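Subject: Structure for you to look at

Hi there,

Here is the structure I promised to pass on. Please open it beside this email as you read.

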Amino acid sequence: MRMVVMLKERLECAPEAAWRALQSPTVMREVAGPWLAYSSKEEGGFPARWEPGDHPVSLLAAGLVPFGEQEISISLDTTTHEGVRIVRDAGHGTEGFPAMFRSWYHRMAVAPHPDDPAATLYRDRLEFDAGPITPGIWAGLWPLWQWRGLRLKQLAPGFDEAPA
């Protein structure tokens, strides 16, 4: 059984700034907290910027309780849709709770907002399958995705000031 969680938001920052933010492991950790914390299992820790490829991480629920491990598998797309930039994660769980997912496909897209090209149209779509427990997991992921969207909206004005 496949389910979807989606967001569509206006971010008060330039699309280029939002694009940089989506490629930042720091921003990923900031928008997930305090519900989830991530620690890198890569030598040297998290990169300054997500590069295409696999990035192993450990997860902590509420920043304290070991929750499992996953591979974040990043690809970047700037050519499929004109004016749209997409970060894709087609990773998978390797231990604990994340290993319950049969499939995981996460896309975050940014483009100039149609009402104001100085702002960003942000779209976030997670498609996943965790077998018979999928509806229960959806019920937990939906509020987490709403939190992520709220945090992105709160942080977005500062993205314009972040270094390129």
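This is a predicted model: local features need pLDDT of at least 70, side-chain atom pairs count only at pLDDT 80 or more; totals for chains, interfaces and linings use all residues.

Numbering starts from 1 along each chain as its sequence is written, and side-chain values use heavy atoms, with hydrogens and water left out.

Let me start with the pockets. A pocket here is an open set of points on a 1 Å grid over the protein atoms alone where a 1.4 Å probe fits, with protein on both sides within 12 Å along at least five of seven lines; lining residues have an atom within 4 Å of a point. Volume is the space filled by probe spheres set on the points, which are joined across faces, edges and corners.

The largest pocket comes to about 550 Å³. Its lining has 32 residues, with Leu 36, Tyr 38, Trp 104, Leu 144 and Trp 145 nearest the centre. Helix 3 (134-159) is among the elements that supply at least two lining residues, and it gives the most, with 7. (Helices are DSSP runs of H or I with at least four residues, strands are runs of E with at least two, and both are numbered from the N terminus.) By class, the lining splits into 26 nonpolar, 4 polar and 2 charged residues. Nonpolar covers Ala, Val, Leu, Ile, Met, Phe, Trp, Tyr, Cys and Pro; charged covers Asp, Glu, Lys and Arg; the others, Gly among them, are polar.

The second largest pocket holds about 240 Å³. Of its 13 lining residues, Arg 107, Ala 109, Arg 123, Asp 124 and Arg 125 are closest to the centre. Strands 1, 5, 7 and 8 each give two or more residues to this lining, which divides into 6 nonpolar, 1 polar and 6 charged.

Now for the strands, which pair if DSSP finds at least two bridges between them. Strand 8 (116-129) runs antiparallel to strand 1 (2-11), with 10 bridges, and Lys 8 stands opposite Arg 123. Strand 8 also pairs with strand 7 (residues 103-113) in the antiparallel sense, over 11 bridges. A hairpin of 2 residues joins strands 7 and 8, and Pro 112 stands opposite Thr 120.

Finally, helix 1 (15-22) has 6 of its 8 residues buried, that is, under 20% relative accessible area with a 1.4 Å probe, protein chains only. Trp 19 and Leu 22 are among them.

Best wishes

Conventions
Buried means under 20% relative accessible area, exposed over 50%, partly exposed in between (1.4 Å probe, protein chains only).
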